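I opened the model today to look up a few places along the chain. My notes follow in the order in which I made them.

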Amino acid sequence: MSGAALAVVVVVVFLLALYLLQRYGDLRRQQRMVLLGTLLSWYLCFLIVFILPLDVSTVCKRLQLFEARTNQTDDNSAVNPTDSILKVCEEPWSYIPDAILPVFWRVVYWTSQFLTWLLLPFMQSYARSGAFSRVGKIKTALIENAIYYGTYLLIFISLLVYVAAHPQWKFTWTELQTIGITAANTWGLFLLVLLLGYGLVEIPRSYWLASSHGYLLAKTYFKAAKVATEKVAAEENLADVMEEVAGVHESVRYNHCLRKCVDTIITKVRNTCVCLMLYLQRLQSGSSSERRLISVISAVQSHGQTQVQWSILLEEAFHLEDVAKSQSSPIRQFIHSSPSERHASWIHRFIYTPTVEWYWECVLRQGFYRLLAVLLCLLSAAVVWSECTFFTTHPVLSLFAVFVQMAEKKHNYICIEMVCFVSILFLCVCVYSTVFRIRVFNYYYLVPHHQTDAYSLQFSGMLFCRLTPPLCLNFLGLIHMDSAISHQDRIQTSYTSIMGSMRVLYFISDGFYIYYPMLVLLLCFATFYSLGSRCLNLLGFHQYITDDHLTADLVDEGRELIRRERRKIQKAEDGENRRWVNI
């Protein structure tokens, strides 16, 4: 069974990355290079997360084999190995041969780093560029990425000067490689702690609040009011852009030198099935045509995203209103206000019947979500405690290290893998879910239902590749598998050996990597009291805050918008029914 677990994980992780890309990206319309780069970056990062528990269990197995052979050698009177040694020497089904993991980690890690620092930033700027030629797009991409390359180069040179000034160190390829890895991990750890501190509090709280239908309905009304405003702004912006494009189409003749640029802009418009309005306006220069192309792409994407978000919010609001009506109904069957909301699939006909749906939505859902929120809250508390105490090895205070060491003493490798998998998966969910939730104005925003633009997809791939290595190193520190932090002389994981010895830079391994993660405690307190949301609310970016008067006004506005849309849909359905009756 050697390598069987590795093969299974490789296939499952690929399917997971492909599913997420299909959910957020448009596999038909977006560029193949954009989809391939995003898929590869997500796939490699998820591979690191899922393979690392197998690496930990393999190290524990190697350590037990070494101790068994040592005990057998010392016991000269024993002719045959004892039963306990035979039990130790049995390889678990997930055991990976020593020669596979180092090569695997080198390929995965360096490919992900090449993607995040070189290829994806270039492709990101290339896809967003408004230039009409490939040379112009490449030139724009190189100029825009100078700041990314400069930031990384500045960190690398600073660490290089530090190493060169130390009299005991000599420049070797291994040390230079370790310095580069350390610089990249240091950059990622800054952002990692911020995202982790938010996710550790927000994920358990979101499930606890989701158990209340009243809270969900009020928040949906609030979102509806915000999205309605964005929808109107997007429609007005698209109308202005279409008016400008129509004027360009009329003013630039077919023998004009910029006619090819105009045809490119009109192609973008026609591909989105938007009606072109005919007005008169003059095209002045090539640079203005590039800006018009960028404005067309941005306006069309924003309009499509707001339309999809609005339809999703309508479905959620209608469903939550139906839940509220069904809770007060004496009939224990879920009643949909519109027959079209009830899907005619075999699952809904035979399994998820109206009675089953009523028990789930009105009885079981609240208790299940609250139980899940309590479990997630306990995991968050364990992570915060371990982040603040993982550097203490005598006694061992990190809870994850305690669980792993207890399972290691009992030679229970399945338990080791489960503890590691649950721990690192929870850390990744806290970090990655924050990446999927955050919105940086209209430049970065992951929208489901195939509405995410190429820029945001590639930016998420860059973030994943930069956050995953420091997250895995932090996890190895939590379970005392990183000797640079725990200062224990033991067999290292293959992943740690690829990272190199962090002891080359003592102020990083003994200072930054130990004390900086403690800031997660302060970030958890800030998230718990919604300090970030309150600050954004003061700056004019409306957030859902229960004790805010503006939030209450937006909730009332959203409720009225939903009622208006429900009446509109009901009138349309009544008219359709009357038409069929007359026929």
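I began with Ser328, which I found in the loop between helix 10 (286-327) and helix 11 (346-351); helices here are DSSP runs of H or I with at least four residues, numbered from the N terminus. The model is predicted, so local features need pLDDT of at least 70 and side-chain atom pairs count only at pLDDT 80 or more, while totals for chains, interfaces and linings use all residues. Residues are numbered from 1 along each chain as its sequence is written, and side-chain values use heavy atoms, with hydrogens and water left out.

I noted Ser328 as exposed because its relative accessible area is 60% (exposed is over 50%, buried under 20%, partly exposed in between, with a 1.4 Å probe and protein chains only). A polar atom of the Ser328 side chain lies 3.1 Å from the backbone oxygen of Lys325. I also checked Cys362, which is 34 residues from Ser328 in sequence and 9.5 Å away in space, C-alpha to C-alpha.

Next I turned to helix 12 (residues 354-389), where Leu375 lies, and noted Leu375 as partly exposed because its relative accessibility is 47%.

Which residues of helix 19 are buried? In helix 19 (residues 519-528) I listed Val520, Cys524 and Thr527. They cover an arc of only 65° around the axis, so they sit on the same side of helix 19; the arc is that of the directions from the helix axis to the C-beta atoms. Last, I recorded that Ser530, which follows helix 19, has a positive phi, near 55°.

How values were computed. Helix = DSSP H or I, 4+ residues; strand = E, 2+ residues; numbered from the N terminus. Polar contact = N/O pair within 3.5 Å; in protein donor to acceptor, adjacent residues only side chain to side chain.
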